[in-house]
Amino acid sequence: MEKLELYIPTLDELCFYQKMMSDPETMSYNANWDVEYEGYHKDTGCIDFPESEWAEWYAYWVCNEPERFFAYIKRSSDGSWVGNINFHYISERDWWDMGIVIYAPYRGKGYGVPALRLMLEHAFKDCGVTKLHNEFEPARYAALKIHLAAGFRDIGVEDGIQQLVLTKEEYQGNNYIWTNSNYKTRKGKWCIAILLEAGYQMVPSAENVSQYLKLADRIYFHAMLLPYPQSEPLTDQELTCFCDGLRMVSKYILASVPEDSSLIIALRKICFSDCDIQDEGFTACAIQWASEAFRFPMPKITTYFDEASWRHIYDFSSV
């Protein structure tokens, strides 16, 4: 796959944008709309973009992040512009509408998904965007395919138009390796059972990780719990107990982390019965998940059931 990059055009370079919007093959997706828009050609979908409008348009769209963003999609090997991409904030919906157009001569070459991924990285990491949205006719199967491949979520059809969204949390989740773990301990008549989904990703040590909770040297934690009922909510104390478990086995986890990298661990889903739970269970389930995810032997955790207090007694001293 050829490498792409996002390129901010100069005012004079808007000639390529003008060329795209006047090309019937490129703009065919935009045809046959019943709209009154000066310069819009219903039969072809093309839109007039005279040079007299460039300066005003440029001042509005370019270098105005995070409110608005526009860039060309540039092929790194030869500097060719193969399309454009944009997003802009919609206050009524508290999201950023986005668009992507590949110039017709460059379609079918696999540029759509990598171009979208470049935009997602810039939007979520550099501009602080929290939610991106796009919409188009359901018959545009190619557009739907590349959006889903880039991580967008199909939220259905509204008024005959396909709706897709991607939140910052979902984007971050796409970079993780997710695994499930099923922790159980039964002593006496009481069983503690916790089903969880957690993940991890490696990032360069130079990357800013200040937004995450530091667990140990080069190991960080991010709470990404899905809303109820997809996941049970956790109290601050329960999250602390979960993180304590990760800290206890951090030396084993660190053995899997390259020296030039940091590790971010995220908790996305956790399920349990409120009637059959205690804080130490969160510590134990974190240890078990880590042993399974990073493939080290499960440390010995001694437990017994104390009928006087009607609690499981945990001993983590061997961890």
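**Notes on the predicted model: strands and salt bridges**

1. Let's start with R268, which is partly exposed at a relative accessible area of 21%. (Buried means under 20% relative accessible area, exposed over 50%, and partly exposed in between, with a 1.4 Å probe and protein chains only.) R268 sits in strand β12 (residues 261-271). Its C-alpha atom is 6.9 Å from that of A223, 45 residues away along the chain.

2. A word on the ground rules: this is a predicted model, in which local features need pLDDT of at least 70, side-chain atom pairs count only at pLDDT 80 or more, and totals for chains, interfaces and linings use all residues. Residues are numbered from 1 along each chain as its sequence is written, and side-chain values use heavy atoms, with hydrogens and water left out. Helices (H or I, at least four residues) and strands (E, at least two) are DSSP runs, numbered from the N terminus.

3. R268 also has a charged partner: its side chain meets that of E197 in a salt bridge (3.0 Å, N to O). E197 belongs to strand β9 (residues 190-204) and R268 to strand β12, so the pair ties together parts that are 71 residues apart in sequence. E197 is buried, with a relative accessible area of 13%. A salt bridge here is a side-chain nitrogen of Lys or Arg within 4 Å of a carboxyl oxygen of Asp or Glu.

4. The whole structure holds nine salt bridges. One of them joins R75 and E2 (3.9 Å, N to O). Because R75 lies in strand β2 and E2 in the segment before β1, this pair links parts that are 73 residues apart in sequence. R75 is buried at 12% relative accessible area, while E2 is partly exposed at 36%.

5. For a local pair, look at R247 and D244, whose side chains form a salt bridge (3.1 Å, N to O). They are three residues apart in helix α7 (residues 236-248), which puts about one helical turn between them. R247 is partly exposed at 31%, and D244 is partly exposed at 29%. Elsewhere, salt bridges with shared partners connect E2, R75 and D78 into one network.

6. Strand β2 (residues 68-75) deserves a look too: eight of its eight residues are buried, so the strand is largely enclosed by the rest of the structure. It pairs with strand β1 (residues 4-7) in the antiparallel sense over four bridges, and with strand β3 (residues 81-90) in the antiparallel sense over seven bridges. (Two strands pair if DSSP finds at least two bridges between them.) In β3, N86 is the bridge partner of F70.
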